[in-house]
Amino acid sequence: MGALTLRRGRDAAPVEEVHEDILQYLTFQLSGETYAIGILAIKEILEYTTLTQVPLMPAFIRGVMNLRGAVVPVIDLAVRFGRSETAISRRTCVVIIEVTCEDMQQYIGILVDAVHEVLAIRAADIEPPPQFGSRIRVDFIAGMAKVDNRFVVLLDVEKVLSVEEMAALSSLGGSESPDLREAESR
């Protein structure tokens, strides 16, 4: 957005009012850390209910759930990030996210420890992803937001929930990144 020029009173000099780009993100807890996803991709937040397990799926696919007659796969983000399985508690939620796969919209649920809040973050407060030292794959990170003297990891939903990559992992027997990276580099 551009700047808006205002005048106060008849003889007052123009005052510049700058409108900054502000983005909204849903923050949630996962394995003791705070992550966020842009709210435009989020369709709804549900209490955890028992999932139906599907045989021969990678460990990060916890199962499927019925969402008003539609079968929705539920991904355990902690396992997707190479950590231990999310322990189910009373605050555990499934966040339903809309992703695009081959020009089709698809819903995928992500299992998180707890949902916190929606934050309005100025674009100027978002740093690029770190090039090393991160405990998740760098391509999963859209940016690092400075919030209250700490960083919140902003996830790139299209990469974290890439249907093509998850299908490739599934066909490789559910093994995580090393085998996939070797397959992709050929």
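Which residue in β10 does Q29 stand opposite? Q29 stands opposite A114.

## Basis of the model

The model is predicted: local features need pLDDT of at least 70, side-chain atom pairs count only at pLDDT 80 or more, and totals for chains, interfaces and linings use all residues. Residues are numbered from 1 along each chain as its sequence is written, and side-chain values use heavy atoms, with hydrogens and water left out.

## Sheet

Six strands form an open sheet of mixed pairing, in the order β10-β3-β4-β13-β12-β11. Strands (E, at least two residues) and helices (H or I, at least four) are DSSP runs numbered from the N terminus, and two strands pair if DSSP finds at least two bridges between them. Because β10 (114-122) and β11 (126-127) stand at the edges with a single partner strand each, one side of each has no neighbour in the sheet. The pairing of β3 (residues 22-30) with β10 is antiparallel and spans seven bridges.

## Nonpolar cores

A nonpolar core is a set of buried Ala, Val, Leu, Ile, Met, Phe, Trp, Tyr and Cys residues joined through side-chain atoms within 4.5 Å; buried means under 20% relative accessible area, exposed over 50%, partly exposed in between (1.4 Å probe, protein chains only). The largest core has 33 residues, and F28, I97, I110, L155 and L161 have the most contacts inside it. Strand β8 (residues 93-101) supplies the largest share, five residues.

Beyond its neighbours within four places in sequence, L161 is in contact (heavy atoms within 4.5 Å) with I75, I97, V99, I108, I110 and M166. A second, separate core of nine residues includes M65, L67, V94 and I96.

## Residue R83

R83 lies in the loop between α1 (77-80) and β8. R83 is buried, with a relative accessible area of 18%.
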